[in-house]
Amino acid sequence: MTNDGSILAIMQYNESWDTFTYLWTEADGYTKLPQGTAMGSRPNAINLDGSVVAGRGVSSNGFWFACYWVDGEYYDFGEELFGEAMAVSPDGNYIAGYANDRIFVYNRELDELTMVEDSNFENTYNATCVTNDGVVFGYVFDTFPPFAEARRAVVYIDGELLTFNDYMLMKGVTEAAEW
């Protein structure tokens, strides 16, 4: 939902459990968004003015892959990039999510997809939000299911993956060393 509540991005399913993404406005009601080659879709995030929606598509073999819509037009990163787009920056330029257990951030203006790397391949990462500057906030976990007590906050900024504590220390919050 946009911050002012004027546009909702929702998932609906039919009797066969096929999923579809819709936008809703008071003026237009429900508008079904296209799915490209996806067998189904789900929205996870929407930017401030509702022009960019991020989510997931479902391949014919049931795997999820990251996708997004701009002004109602469908885009994806290919079905081999397993995961979901989970966040859109307020201005709609950046899209972040997870794919193949890694955080990704996509800069629409530059058409640049960055996969965030970590040397510990035992960990799984997820993005939860992205700023207008492309700073991604998310979490890492090394167990499944990812219960809250097993999650640790991370930040991807200027090409570097940091713990949230280190990010806050960098921002001058000295008590973050004690968290």
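Predicted model: local features only at pLDDT ≥ 70, side-chain atom pairs only at ≥ 80, totals over all residues.
The largest nonpolar core has 14 residues. Those with the most contacts inside this core are Ala-54, Tyr-68, Phe-77, Ala-85, Ile-95 and Phe-104.

Next come the aromatic rings. The structure holds 13 aromatic pairs. One of them is formed by Phe-63 and Phe-82, whose ring centres are 5.0 Å apart. Their planes stand at 40 degrees, so the pair is tilted, because only planes under 30 degrees apart count as stacked and only those over 60 as edge-to-face. This pair links distant parts of the chain: Phe-63 is in the loop between β5 and β6, while Phe-82 is in the loop between β7 (73–76) and β8, 19 residues apart. Phe-63 counts as partly exposed because its relative accessibility is 42%. Phe-82, with a relative accessible area of 38%, is partly exposed as well.

A second tilted pair is made by Tyr-68 and Phe-77, at 5.5 Å centre to centre and with 35 degrees between the planes. Here the residues are buried: Tyr-68 has 6% relative accessibility, and Phe-77 has 16%. The cut-off for buried is under 20%. Tyr-68 and Phe-77 also belong to one aromatic cluster, together with Tyr-75, Phe-104 and Tyr-106.

Another ring, that of Trp-64, has arginines over its face. Arg-56 lies at 3.5 Å from the ring centre, and Arg-42 lies over the face of Trp-64 at 5.7 Å from the ring centre.

Finally, consider a residue in a loop. Glu-15 is found between β1 (7–13) and β2 (19–25). Is Glu-15 buried or exposed? Glu-15 counts as exposed, because its relative accessibility is 71%. Between Glu-15 and Asp-76 there are 26 Å in space, C-alpha to C-alpha, and the two are 61 residues apart in sequence.

Conventions
Residues numbered from 1 in each chain as written. Heavy atoms only, no water. Helix = DSSP H or I, 4+ residues; strand = E, 2+ residues; numbered from the N terminus. Buried < 20%, exposed > 50% of the residue type's maximum accessible area, 1.4 Å probe, protein only. Core = buried A, V, L, I, M, F, W, Y, C linked by side-chain atoms within 4.5 Å. Phe/Tyr/Trp six-rings, centres within 6.5 Å; stacked < 30°, edge-to-face > 60°. Lys NZ or Arg CZ within 6 Å of the ring centre and 35° of its normal.
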